[in-house]
Amino acid sequence: MATIYIYNISSFDATKDQSVAFGYRGNQCIKNKLTVFNNETGAVVYENTVTTFNLSHLLPKGTLANGVSYKCKITAYFLDGGIEQSSESSMSNVFMCLTTPSWALNINDGAIVGNSYCVLKPIYSQAQNEKVNEYHLAVYTISGSEFWVSDTLYDITKEITVSGLSDNTSYYIRAYGTTVNGMVLDTRNKQTGIDTKINVDYISPTVYSLAYLENNKWQGNVRVTTNIASVEGRTGSGSAAKYINNTKVDLTHDSVIFDKNFRCGDNFVLEKIDSHIITNKPFLNLKGTNFEAIVTFRSGVFDLGEMFFAELKIKNSPYVLYSNMIPITAPGSSIHLWLQRKNGLYLLKITDMGVMA
């Protein structure tokens with residue numbers, strides 16, 4: 001005696017062909033009959049018999065209607081003349097037909113990301129208002145390995161910020177999940193298996209005009225307006241600053257405070273050049289209205305050898321950001337640090353400028 005059962009049927013789009021698979025234990029099945037009922041009225045909406053050894057039945061597209069719940073049963077005909085039906089009461093026999101959802105990311109393929117971070121958010125719609133059950137967001141390196149994967153997410157209105165993206169680097173981004181009735185959601189291209197590609201290219205702020213010249217022809221002069229302000233600092237110790245070749249300030253045992261004609265707004269860009277840097281000791285402290293950023297140079301041994309990088313921390317916050325890594329510099333080399341704050345997020349980059357005269 002055979003025992004026949006239908007495998008679970010996830011919701012599907014009635015405008016597309018759908019295969020209903022079943023299994024059994026017993027004699028050889030030589031043909032099968034699929035009967036589909038409207039789950040609310042009990043009316044038969046499809047019934048057909050096919051002769052095949054395959055343990056499946058192809059339900060042709062256009063046979064059913066989207067937005068309707070159905071249940072089905074399989075009748076199996078065996079080589080020994082036996083006939084057996086699957087149970088109509090099994091939950092695996094019940095399914096919904098739903099229009100294929102629209103599922104995409106808020107960033108288009110080939111987009112340029114001008115910062116070390118991007119904000120990801122899925123864009124979802126479905127004709128019968130099918131709800132999203134859960135989903136994940138992911139970022140992959142160009143070689144396909146995981147760079148970042150979110151926890152399980154449920155709120156599709158939530159924006160997720162992914163940080164740590166490297167300059168002049170490409171990544172793939174993806175959103176995947178399921179609806180409450182089991183429809184698969186995935187931004188990955190089904191034909192090519194390729195995800196949405198983004199290209200990171202840090203965009204430096206543009207200085208549009210350092211000086212503006214206005215010709216006053218009736219006065220016989222030229223008016224010069226500039227957006228450059230002189231910033232005068234003072235030492236933290238209160239002692240006179242020590243200079244090196246009249247070009248640099250020696251801060252080995254002191255500090256310089258700039259608090260006149262200088263203010264850290266909500267958005268800013270700061271550039272700084274240092275040499276003879278002491279690692280693991282905070283060297284830059286920026287205080288704004290509602291934040292305090294602390295930058296420290298670090299070094300360590302990695303796969304590429306001994307490397308040098310900068311670390312930024314926000315006081316009373318778990319926020320930590322690391323710059324790019326560069327090889328340990330020669331003694332006396334100058335390090336150019338570029339720091340940007342925009343909408344509460346930071347970009348940090350360092351460059352070895354070599355030994356400067």
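This is a predicted model: local features need pLDDT of at least 70, side-chain atom pairs count only at pLDDT 80 or more; totals for chains, interfaces and linings use all residues.
Phe12, Ala14, Lys16, Gln18, Leu59, Pro60, Thr63 and Leu64 line the largest cavity. Sorted by class, the lining holds five nonpolar residues, two polar ones and one charged one.

How many cavities of 30 Å³ or more turn up in the whole structure? The search finds one. The volume of the largest cavity is about 30 Å³. The idea behind such a search is simple: rolling a probe the size of a water molecule over the atoms shows where empty space is left.

## The chain as a whole

Stepping back, you will see a chain built with 32 strands and zero helices. The chain has 357 residues, and 36% of them are buried.

Its accessible surface amounts to about 21300 Å², with carbon and sulfur atoms holding 50% of that area. Contacts tell another part of the story.

## The largest nonpolar core

Now for the inside. The largest nonpolar core is made of 22 residues. Which residues have the most contacts inside this core? They are Trp103, Cys118, Leu120, Leu137, Ile173 and Ile198. Two or more core residues come from each of β9 (102-105), β11 (117-120), β13 (132-141), β15 (160-163), β16 (169-179) and β18 (196-200). The top contributor is β13, which gives four residues.

Cys118 is a handy residue to look at up close. Leaving aside residues up to four places away in sequence, Cys118 touches Ile107, Val113, Ile160, Thr161, Val162, Leu165 and Ile198. One of these partners, Ile198, is also listed with Cys118 among the residues with the most contacts inside the core.

## Two asparagines in loops

Finally, two loops are worth a visit. Asn280 sits in the loop between β25 (268-275) and β26 (282-287). Its phi is near 60 degrees, a positive value in a residue that is not glycine.

The other stop is Asn343, found in the loop that links β31 (333-342) to β32 (345-355). Here phi is near 55 degrees, again positive in a residue other than glycine. Is Asn343 buried or exposed? Asn343 counts as exposed because its relative accessibility is 60%, and exposed means over 50%.

Technical notes:
Residues are numbered from 1 along each chain as its sequence is written. Side-chain values use heavy atoms; hydrogens and water are left out. Buried means under 20% relative accessible area, exposed over 50%, partly exposed in between (1.4 Å probe, protein chains only). Accessible areas come from the Shrake-Rupley method with a 1.4 Å probe; for residues, only the protein chains shown count as cover. On a 1 Å grid over the protein atoms alone, a cavity is a set of points where a 1.4 Å probe fits but cannot get out, and a pocket is an open set with protein on both sides within 12 Å along at least five of seven lines; lining residues have an atom within 4 Å of a point. Grid points are joined across faces, edges and corners, and a volume is the space filled by probe spheres set on the points. Ala, Val, Leu, Ile, Met, Phe, Trp, Tyr, Cys and Pro count as nonpolar, Asp, Glu, Lys and Arg as charged, and the others, Gly among them, as polar. A nonpolar core is a set of buried Ala, Val, Leu, Ile, Met, Phe, Trp, Tyr and Cys residues joined through side-chain atoms within 4.5 Å. Contact means heavy atoms within 4.5 Å.
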